[in-house]
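Let me put the model up, and then we'll walk through a pocket, a helix and some aromatic rings.

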Amino acid sequence: MGNNPAGPGLKLGKTLSDADVIELSALSGFTPEKVREWHSGFIKDCPSGKLNKKKFVEVYKQFYPTGKAEKFCEYIFRAFDNDSSGNIDFCEFLIAISITAQEEPKKKLEWAFSMYDIDRNGFIEKKEMKKIMEAIFDLLGEEKKGTNTPQLKVDQIFTRMDVNGDGKLSKEEFISGCLQDDYLRRLLAPSAS
C-alpha cells in the first residue's frame, strides 16, 4: 500500500495537535471529534503509540474466539502496516479503520486486493489466494474437505475473475469480479456491501 498516506510531515505521539487532528480528519473522512476519540482509545490500548503484531492478533482473536486467527492476522497486519515498520501507528490504524468503515465497496475492495497481493507485485496469483483462503477457513473454523476446500474456492474465484486467462488477477479484474458477483464480494471482502 505504499508509504504512510499522511506523508512524511505527520509525526504522531501520545497527544495530537490541532493541526494533526485537522490533517487526520481530512485524510480519514472522520470528524475531528471522532479522530480524537479514536486516538484516545488507541493510546489507552497501546501506550507506546504503536500496535505490534502480537497485540494485533490478541485484539483480533476477540472477534473470532473459536477460530484460528493467527494466519489471517498476518495478512491483515501487513496490509495495515503501510510503512512495513512491523508496527501499526495511529495514522495507519485510522486510515485502515476509515477504509474498512466506508460504504464505498470499491475502496474496500482496493484494500482487500492489497491484502491478498502478498508479494506486492500488483497481481494476485493462485498460490497467494490459496494462502488467504486457508487462513479464512482457519479463522472461520471451516472444514477443508470434499467440495469445500481452499483450492476449490480458489479455482472457482479464478474461473469467474481471471477474464484474460493469464493465471493471475489484476486489481481491475479483482474489483470488477467482486462488484459483479455478490458471492465473491461477500467471500473476499465481507464488509463491502
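So, the lining of the largest pocket: it divides into 27 nonpolar, 4 polar and 7 charged residues. Nonpolar here is Ala, Val, Leu, Ile, Met, Phe, Trp, Tyr, Cys and Pro, charged is Asp, Glu, Lys and Arg, and the others, Gly among them, are polar.

Quick housekeeping. This is a predicted model, where local features need pLDDT of at least 70 and side-chain atom pairs pLDDT 80 or more, while totals for chains, interfaces and linings use all residues. Numbering runs from 1 along each chain as its sequence is written, and side-chain values use heavy atoms, leaving out hydrogens and water.

Back to the pocket, which has a volume of about 940 Å³. On a 1 Å grid over the protein atoms alone, a pocket is an open set of points where a 1.4 Å probe fits, with protein on both sides within 12 Å along at least five of seven lines, and lining residues have an atom within 4 Å of a point. The volume is the space filled by probe spheres set on those points, joined across faces, edges and corners.

Who sits closest to the centre? Of the 38 lining residues, that's Tyr-60, Tyr-64, Phe-72, Ile-76 and Phe-80. Helix α2 gives the most to the lining, 6 residues; helices are DSSP runs (H or I, at least four residues), numbered from the N terminus. And domain 1 (18-101) and domain 2 (105-192) both contribute, so the pocket lies between them; those bounds come from an automatic or database domain assignment.

Next, α6. Of its 12 residues, 9 are buried, so this helix is largely enclosed by the rest of the structure. Buried means under 20% relative accessible area, with a 1.4 Å probe and protein chains only. Lys-108 is one of the buried ones, as is Trp-111.

Last, the aromatics: there are 10 pairs. Rings of Phe, Tyr and Trp (its six-membered ring) pair if their centres lie within 6.5 Å; planes under 30 degrees apart are stacked, over 60 edge-to-face, the rest tilted. Phe-56 and Phe-77 are edge-to-face, 5.5 Å centre to centre with 65° between the planes. Phe-56 is in α3 and Phe-77 in α4, so the pair ties together parts 21 residues apart in sequence. Phe-90 and Phe-93 make a tilted pair, at 6.3 Å and 35°.

Key. Helix = DSSP H or I, 4+ residues; strand = E, 2+ residues; numbered from the N terminus. Buried < 20%, exposed > 50% of the residue type's maximum accessible area, 1.4 Å probe, protein only.
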